[in-house]
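Q: Got a model here that I'd like to go through with you. Can we take it piece by piece?

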Amino acid sequence: MTYDRLVCANCAAPVTEGRCPVCRASRERMREQGQGPFAGISPATLAVLLVVLLTALALLAHQTV
């Protein structure tokens with residue numbers, strides 16, 4: 001589910017519209033959470049990066065033995 005489909009429990013309107021104080025607070029919280037270092041990276045890309053990192057560590061460990 002994407003954030004634009006969330007419905008406010010207080011006013012039953014989409015949170016993105018920000019009709020009530022609860023909606024506006026939730027919308028601001030979502031914006032703040034989206035500012036992290038990995039916010040723009042998809043989960044699939046993160047998984048690929050993790051596999052690459054683990055492979056590099058395994059190769060490094062194999063060379064030192």
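Q: How many salt bridges does the structure hold?
A: The structure holds 1 salt bridge, meaning a side-chain nitrogen of Lys or Arg within 4 Å of a carboxyl oxygen of Asp or Glu. Before going on, some ground rules. This is a predicted model, where local features need pLDDT of at least 70, side-chain atom pairs count only at pLDDT 80 or more, and totals for chains, interfaces and linings use all residues. Residues are numbered from 1 along each chain as its sequence is written, and side-chain values use heavy atoms, with hydrogens and water left out.

Q: Which residue pairs with Arg19 in the salt bridge?
A: Glu17 does. The closest N and O atoms are 2.6 Å apart.

Q: Is Arg19 buried or exposed?
A: Exposed, at 56% relative accessibility. The cut-offs are under 20% relative accessible area for buried, over 50% for exposed, and partly exposed in between (1.4 Å probe, protein chains only). Glu17 is partly exposed, at 42%.

Q: New topic. How many helices and strands are in the chain?
A: There are 2 helices and 0 strands. These are DSSP runs numbered from the N terminus: helices are H or I with at least four residues, strands are E with at least two. Helix α1 covers 21-33, and helix α2 covers residues 43-64.

Q: What share of the chain's residues is buried?
A: Of its 65 residues, 12% count as buried.

Q: And which residues make the largest nonpolar core?
A: Cys8, Val15, Cys20, Cys23 and Met30, 5 residues. A nonpolar core here is a set of buried Ala, Val, Leu, Ile, Met, Phe, Trp, Tyr and Cys residues joined through side-chain atoms within 4.5 Å.

Q: What does Val15 touch?
A: Leaving aside neighbours within four places in sequence, Val15 is in contact (heavy atoms within 4.5 Å) with Leu6, Val7, Cys8, Cys23, Ser26, Arg27 and Met30. The C-alpha atoms of Val15 and Ala25 are separated by 9.3 Å. Ala25 sits in helix α1 and is partly exposed at 38%.

Q: Back to the cysteines. How many disulfides are there?
A: The count comes to 0, taking a disulfide as a pair of cysteine sulfur atoms within 2.5 Å. Cys8 is in none; its nearest cysteine sulfur, that of Cys23, is 3.4 Å away. Cys8 is buried, with 7% relative accessibility.

Q: Which residues make the nonpolar surface patch?
A: Leu50, Leu53, Leu54, Leu57 and Leu60, giving about 490 Å². Patches take residues with over 30% relative accessible area and no salt bridge; nonpolar side chains (Val, Leu, Ile, Met, Phe, Trp, Tyr) are joined within 5 Å, like charges within 9 Å. One of the patch residues, Leu54, lies in helix α2.

Q: How much accessible surface does the chain have?
A: About 5400 Å², with 64% belonging to carbon and sulfur atoms. Areas come from the Shrake-Rupley method with a 1.4 Å probe; for residues, only the protein chains shown count as cover.
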